[in-house]
Amino acid sequence: MNWKEIEEKWQKRWFESKIFESNPDPSRPKFFITVAYPYPNMPQHIGHARTYSLADAYARYKRMRGYNVLFPMGFHYTGTPILAQSKRIQANDKELIEQFKSLGVDEETIKTFVLPLNIAKYFHRDLKLGMQEMGYSIDWRREFTTIDPPYNKFIEWQFYKLKEKGYITRGSHPVGWCPSCKNPVGQHDTKGDLEPEIGEFTAIKFIFNDAYLPTATLRPETIFGVTNIWINPKAEYLEVLLNNEKMIISEKAFEKLKYQFTKLEFIKRIKGSDLIGKYAINPVNGNKVPILPADFVDPDNATGIVMSVPAHAPYDMLAILDLKKDPKGISSEILSSINPIPIIETPNMSTIPTIEIIEKFGIKNQLDSKAEEATKELYMKEFHFGKMLSSTGKYSGMPVSKARDEVKKDLIESNKAFKLYEIINGPIYCRCGSKIIVNILSDQWFINYGDPEWKKITKEHLNNMNIIPNELKKEFENVIDWLKEKACARRAGLGTLLPWDKEWIIESLSDSTIYMAYYTIARIINEEKIDPSLLIPQVFDYVFLGKELTSCVGIKKEILEAMRREFLYYYPLDSRHSGRDLIPNHLTFFIFNHVAIFPKELWPKQIVVNGSVLMEGKKMSKSLGNIIPLRKAIRDYGADVIRVSVLSTSELLQDADFSPSLAENIKSRLEEFYEFALKYANAPQLNKEALDDIDKWILSRTQRIIEQITISMEALRVREVIQNILYIFPQEINWYIKRKNNNPNESVMKYIMEILIKLLAPFAPHLCEELWEKYGNNNFVSIEKWPEIDESLINIKLEASEEYLRNVINDTSEIIKITEIKPSKIYYCVAPKWKWDIYLKVIQLIEEGIDPKLIIREIMKDKEIRTKGEAIVKFINSILSLIISMPKDYRRRILNIGIINEAEILKTDFISRYFNAQVYVGEAFEEVPKKKIEQAIPMRPAIYIV
RNA sequence: GCGGGGAUAGCCAAGUCAGGUCAAAGGCGCAAGGUUCAGGACCUUGUGGCGUAGGCCUUCGUGGGUUCAAAUCCCACUCCCCGCACCA
């Protein structure tokens with residue numbers, strides 16, 4: 001079959017017939033479904049296909065269920081990565097150019113990428129074509145980008161709303177910063193794509209003559225254990241004025257702290273070596289401590305001055321031991337006066353744990369790489385299990401984890417220390433080559449997701465929402481709990497200007513929270529070509545909030561009313577789809593913002609989250625070079641194959657594993673389905689009057705599959721759906737064909753295949769349309785009615801009979817296999833009626849909840865039965881444990897069906913054909929040993945083979 | 001650290017919420033047979049161990065417990081993955 005031809009044919013027809021364009025229709029229920037719009041900075045790949053294919057399959061399913069489905073799409077231009085990429089292209093960055101090339105972008109196009117907008121436009125087109133080639137049922141009339149002027153107006157309105165509610169705040173905020181680009185840096189701006197991590201240090205002000213030595217630490221609680229101060233003798237230090245106080249810090253620190261403190265002035269240079277041997281005073285306890293040299297001190301980390309706590313910091317202990325071996329001019333008097341001061345006790349650790357841990361790791365000196373590991377281990381243990389000793393005054397007895405915060409707070413409040421920030425996973429370099437530092441932005445705008453009242457209503461609404469899969473609800477709850485202020489604007493990038501402070505551009509996670517509402521009016525804005533300058537806040541107040549329009553706004557009243565109608569028809573949003581990586585940000589912001597801005601009845605109803613796609617078990621990444629561009633994959637395998645591949649290998653939340661061999665497999669499976677279905681395309685319509693039991697059986701099974709798939713579909717367990725259609729149910733069909741001696745009733749087959757085509761249509765729409773047409777229909781299967789169960793075709797008794805037959809055949813095969821008999825005669829001795837009576841009676845009693853131990857007594861109450869005596873007891877004993885271990889509904893089904901005429905079922909020449917042997921069915925045969933005959937129980941005839 | 005998810009046969013992956021038809025779906029791989037000039041594809045069968053009668057034994061990360069019955073419920077432990085923000 002020619003996939004490409006079929007795909008193009010149906011995509012064209014769908015487009016021409018406009019069946020996926022949705023307009024308000026009050027006579028039909030609507031279903032509004034959206035997916036997180038993509039960021040157009042690289043080609044669409046298989047990974048994207050999962051979320052979109054899932055949403056599309058869902059949209060198609062809902063459409064077949066009779067909903068007026070709106071499934072729109074937009075493009076998220078907002079943000080800085082495109083800018084960063086463009087800069088790299090300008091700089092002729094080979095790596096990026098190669099990456100683009102390997103993803104199929106031609107050289108000429110890459111040249112145009114010197115303009116950021118060209119990147120966005122190029123990939124916008126790529127993404128859109130990819131979506132169309134995948135056959136997504138999108139209403140393209142509503143398309144927009146987030147830099148379209150009308151969208152900007154919409155975002156401005158949103159921000160005015162947030163501001164009115166008091167959810168916008170302003171304050172200072174530390175960010176990773178490139179001093180030469182003069183911009184905050186994100187992961188995509190750094191060499192090697194490293195995310196700068198910012199740590200908060202406490203700088204404790206040791207008194208040194210008329211100045212301070214600020215020692216920077218992550219463990220302020222160890223201030224009580226300080227024995228000395230470390231300085232790097234090779235480093236340059238400066239005397240500076242910081243917030244009007246004289247301090248000594250390293251030269252490197254001075255350069256960086258300029259970005260964190262506005263009042264910082266140079267006074268004079270000091271050599272590190274000049275400080276050595278002098279004394280400083282611990283501001284907490286007044287202890288006089290010497291200043292000593294140490295090589296491990298990094299002048300480029302924090303202040304370049306370190307306090308020494310040899311009892312609890314391995315580096316400090318090591319440096320002291322090193323110094324005792326090689327004093328470097330320090331007097332033995334000073335060195336001998338330095339004794340570790342324990343201030344923390346930790347279970348299972350000695351009083352001076354550093355000695356213990358140095359021995360354990362076998363560390364030689366302060367430059368030994370193992371010191372880092374030892375430090376981590378000791379810090380971790382002390383933090384979790386340590387308690388402050390009595391020598392720490394008011395903190396005595398406190399767990400270290402608590403003391404750390406307390407000491408820090410107290411020191412800062414009493415002006416004995418101050419906070420400073422440093423990159424703790426550094427050094428990290430900007431793509432321009434400069435080292436990343438911390439800058440404090442003092443006038444940063446935030447959305448205050450920490451607002452307790454806002455949190456509360458958001459959480460309340462979360463509880464009313466349907467989250468698929470449900471396990472994630474808890475995760476959402478936690479995210480709502482710990483969200484704080486979120487910086488919502490930045491200085492560079494594409495996007496909407498903050499309307500009241502045009503120096504700032506609204507950041508991408510903040511301009512994408514309520515845009516689903518914009519889709520409802522985007523069609524009108526696009527078609528009427530509304531002048532964006534007319535889209536003032538009052539317009540949106542009217543359209544979205546129903547506020548009276550007080551003044552003339554320059555847009556025709558009918559148009560405004562149409563927008564309002566359209567919004568009210570589609571809102572609230574019925575289903576929001578994205579990958580699970582968006583839970584801690586976008587999806588939660590989405591709930592927050594809806595709750596803040598819209599009236600309660602318009603809050604979103606459902607969120608659907610799916611896992612990502614792996615490539616042959618590995619994460620897809622540019623560096624691994626294992627990204628398959630979607631459009632290439634479509635050419636290689638076909639759209640339906642990709643759709644089914646990414647949706648059928650794993651459950652919703654799991655990562656799906658894609659591979660070429662999987663795709664090949666799915667491809668042949670789908671082709672098989674197609675060829676198979678084609679055989680019955682011209683068969684006559686089903687005639688319910690002319691059916692035998694086997695026909696009736698498969699028709700009954702077909703109703704079950706409809707039921708099961710519909711349930712799975714509602715819960716979006718799409719893997720289950722596809723598995724059932726493509727693998728599990730076909731086994732039933734095979735059995736049916738076998739039972740019919742390879743002569744299936746063609747009208748039955750046609751009926752079944754029509755149903756399967758419909759059930760598969762949301763997943764493989766092109767294939768199914770083609771088949772649907774071949775089946776003689778001249779409408780689209782995409783908008784056909786989803787199959788419904790035909791109760792008249794359900795036959796429990798036949799299903800049970802067939803299951804019985806299969807079990808007997810299985811048992812027979814088992815015996816043949818073990819005994820290695822080549823069967824010529826098979827005898828089936830079915831259970832006599834009295835056994836059936838007792839069997840059902842026992843099940844009945846167990847169902848009534850009678851203690852199994854009392855069953856025999858209960859049955860024996862019947863005089864009739866008692867006459868049989870011994871045989872009865874033996875029989876009951878043989879079936880009792882079997883019956884007890886049956887599932888409840890299985891027992892009920894047996895009671896419901898009652899006695900099955902086993903002999904009649906087994907008297908079919910199917911069995912003798914199957915085993916190529918003579919088959920005898922009855923209650924007893926002379927040829928069969930008595931003992932064997934006695935073994936028969938209902939549903940399990942005695943089998944004797946010779 | 002805080003939060004979330006997970007551990008099932010050679011591999012992938014269902015089953016766990018609602019304990020019982022569970023030696024445990026389905027796929028891949030492997031083996032045998034069929035078809036084929038051959039390869040591929042396809043079809044059938046098998047794929048924990050033992051067994052000349054449909055059975056028995058062991059198994060669902062480890063160790064306990066509840067129950068007539070545990071992959072499933074409870075407790076403890078070990079290991080793995082992901083997120084923690086200004087970045088889409």
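Analyst: Here is a walk along the surface near RNA strand B. This is a predicted model, where local features need pLDDT of at least 70, side-chain atom pairs count only at pLDDT 80 or more, and totals for chains, interfaces and linings use all residues. Residues are numbered from 1 along each chain as its sequence is written, chains are lettered from A and ligands numbered from 1 in the order in which they are written, and side-chain values use heavy atoms, with hydrogens and water left out.

Start with the count. RNA strand B is surrounded by 56 residues. A residue is near the strand if one of its heavy atoms lies within 4 Å of it. The closest are Tyr39, His384, Lys486, Arg490 and Ser885.

Next, the make-up. The surface near RNA strand B has 22 nonpolar, 19 polar and 15 charged residues. Here Asp, Glu, Lys and Arg count as charged; Ala, Val, Leu, Ile, Met, Phe, Trp, Tyr, Cys and Pro as nonpolar; the others, Gly among them, as polar.

Now the polar contacts, which are pairs of N or O atoms within 3.5 Å. The side chain of Gln723 has an N or O atom 3.1 Å from a sugar or linking oxygen of RNA strand B. For the side chain of Lys932, that distance to a sugar or linking oxygen is 3.2 Å. Lys484 uses a backbone N or O atom instead, 3.2 Å from a base nitrogen of RNA strand B.

How values were computed
A polar contact is a pair of N or O atoms within 3.5 Å; within protein, one must be able to donate a hydrogen and the other to accept it, and residues adjacent in sequence count only if both atoms are side-chain atoms.
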